[in-house]
Amino acid sequence: MCAKNNQFETLPLKVCAMNPYTMSVSYVKSSEYPSQCPTGGLPEYAFIGRSNVGKSSLINMLAGNGKLSKVSGTPGKTRLINHFLVNNRWYMVDLPGYGFAKSSKSERKQFSSIITRYISERESLTLLFVLIDARLQPQSIDLAFIRQLGEHGVPFALAFTKADKVSGTERRSNVERFRRALLETWEELPPIFVTSSEKKMGGEEILRYIEHVNSDLQKP
Ligand SMILES: Nc1nc2c(ncn2[C@@H]2O[C@H](COP(=O)(O)OP(=O)(O)OP(=O)(O)O)[C@@H](O)[C@H]2O)c(=O)[nH]1
Ligand SMILES: [Mg+2]
């Protein structure tokens with residue numbers, strides 16, 4: 001079941017044959033600091049974005065388990081660094097959101113220090129998926145966060161979320177505007193995925209990409 005019409009069409013067949021719904025995914029631990037995160041150096045793929053953008057929902061969709069990570073309509077649900085082990089080979093990491101204006105000042109500070117420490121210190125962070133709400137035009141907070149990734153040299157991809165909540169035309173226009181905004185400061189665009197956890201869309205492409213990166217890591 002290889003999705004057509006995306007940039008990973010040329011991946012080896014064995015990657016395409018992966019079925020996300022037979023993955024073994026288990027919760028490992030929640031940490032505040034990188035020093036508390038699992039040791040062992042397995043590759044790690046983390047999901048970040050504004051509070052409520054759909055990080056936990058996307059992780060649940062990838063895992064094929066709607067109850068793995070807590071989802072809530074109230075922003076600020078995920079407050080720690082949550083590790084989930086996939087097939088005993090790599091980690092999915094659910095991170096707290098940024099830009100949660102309703103939290104107290106000190107909490108806001110704590111959120112940003114958890115995130116900043118994680119992205120700057122976590123050596124096994126292989127790729128960060130930055131989630132962007134497909135309903136919105138480029139937001140300065142997302143662009144500022146991505147700028148920070150450049151400063152820390154963190155590899156990233158974009159995953160637009162909640163695609164079911166917007167028309168195809170509007171979604172394409174928002175993605176295009178985001179691409180253009182990035183090209184003002186970046187020479188190359190990152191991989192871009194469009195997802196809907198509600199409609200189970202875009203998950204296979206993300207998992208195939210992760211497998212592709214994992215197999216590249218194993219090459220001598
Ligand atoms: N329609 C629709 N709703 C979504 C989608 N993804 C998430 N949601 C809803 O958006 C809300 C927030 O989802 P979460 O997955 O908890 O978002 P989060 O980014 O983990 O939020 P925090 O942990 O609070 O930062 C919930 O009400 C979800 O049901 C989607 O693709 N489509
Ligand atoms: Mg969450």
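Strand β5 (residues 125–133), helix α4 (residues 140–152) and strand β6 (residues 156–161) form a right-handed β-α-β unit in this predicted model. Right-handed here denotes that, with the strands pointing away from the viewer, the path from the first strand over the helix to the second runs clockwise. Helices (H or I, at least four residues) and strands (E, at least two) are DSSP runs, numbered from the N terminus. Residues are numbered from 1 along each chain as its sequence is written, and chains are lettered from A and ligands numbered from 1 in the order in which they are written. Because the model is predicted, local features need pLDDT of at least 70 and side-chain atom pairs count only at pLDDT 80 or more, whereas totals for chains, interfaces and linings use all residues.

The two strands of this unit, β5 and β6, pair in the parallel sense over six bridges; pairing requires that DSSP find at least two bridges between the strands. Within this pairing, V130 stands opposite L158 of β6. Strand β5 also pairs in the parallel sense with strand β2 (residues 44–49), again over six bridges. There, L131 of β5 is the bridge partner of G49.

How enclosed is β5 by the rest of the structure? Eight of its nine residues are buried, so the strand is largely enclosed. A residue is termed buried if 20 or more other C-beta atoms lie within 10 Å of its own, exposed if 12 or fewer, and partly exposed in between, with C-beta atoms placed from the backbone. L127, which belongs to β5, is partly exposed, because 18 other C-beta atoms lie within 10 Å. Its C-alpha atom is 6.9 Å from that of E44, although L127 and E44 are 83 residues apart in sequence. Beyond its neighbours within four places in sequence, L127 is in contact with Y45, P155, F156, A157 and V213; contact means that the C-beta atoms of two residues, placed from the backbone, lie within 7 Å.

The loop between α4 and β6 holds V154. This residue is partly exposed, because 19 other C-beta atoms lie within 10 Å. V154 touches I119, L125, L128 and L149, residues up to four places away in sequence being left out. The C-alpha atoms of V154 and L125 are separated by 8.1 Å, and the two residues lie 29 residues apart along the chain.

In soluble globular proteins, nonpolar side chains tend to be buried together. The largest nonpolar core of this model has 45 residues, and those with the most contacts inside it are F47, V130 and L131. Such a core is a set of buried Ala, Val, Leu, Ile, Met, Phe, Trp, Tyr and Cys residues joined through C-beta atoms within 7 Å. Strand β5 gives the most to this core, with six residues. Apart from its neighbours within four places in sequence, F47 is in contact with K55, L58, I59, V93, D94, L95, F129 and L131.

K55, L58 and I59 are among the buried residues of helix α2, which spans residues 55–63. Nine of the nine residues of α2 are buried, so this helix is largely enclosed by the rest of the structure. The helix is followed by G64, which has a positive phi near 65 degrees. In the loop between β2 and α2 lies N52, which has a positive phi of about 80 degrees although it is not a glycine. N52 counts as buried because it has 22 C-beta neighbours inside 10 Å.

Helix α2 also gives the largest share of the shell around ligand 1, with three residues. Of the 22 residues around the ligand, G54, S56, S57, T78 and G97 come nearest; a residue is near a molecule if its C-beta atom, placed from the backbone, lies within 6 Å of it. The shell consists of three nonpolar, 13 polar and six charged residues. In this classification Ala, Val, Leu, Ile, Met, Phe, Trp, Tyr, Cys and Pro count as nonpolar, Asp, Glu, Lys and Arg as charged, and the others, Gly among them, as polar.

The protein as a whole has six helices and seven strands, which follow the pattern α-β-β-α-β-β-α-β-α-β-α-β-α along the sequence. Of its 220 residues, 36% count as buried.
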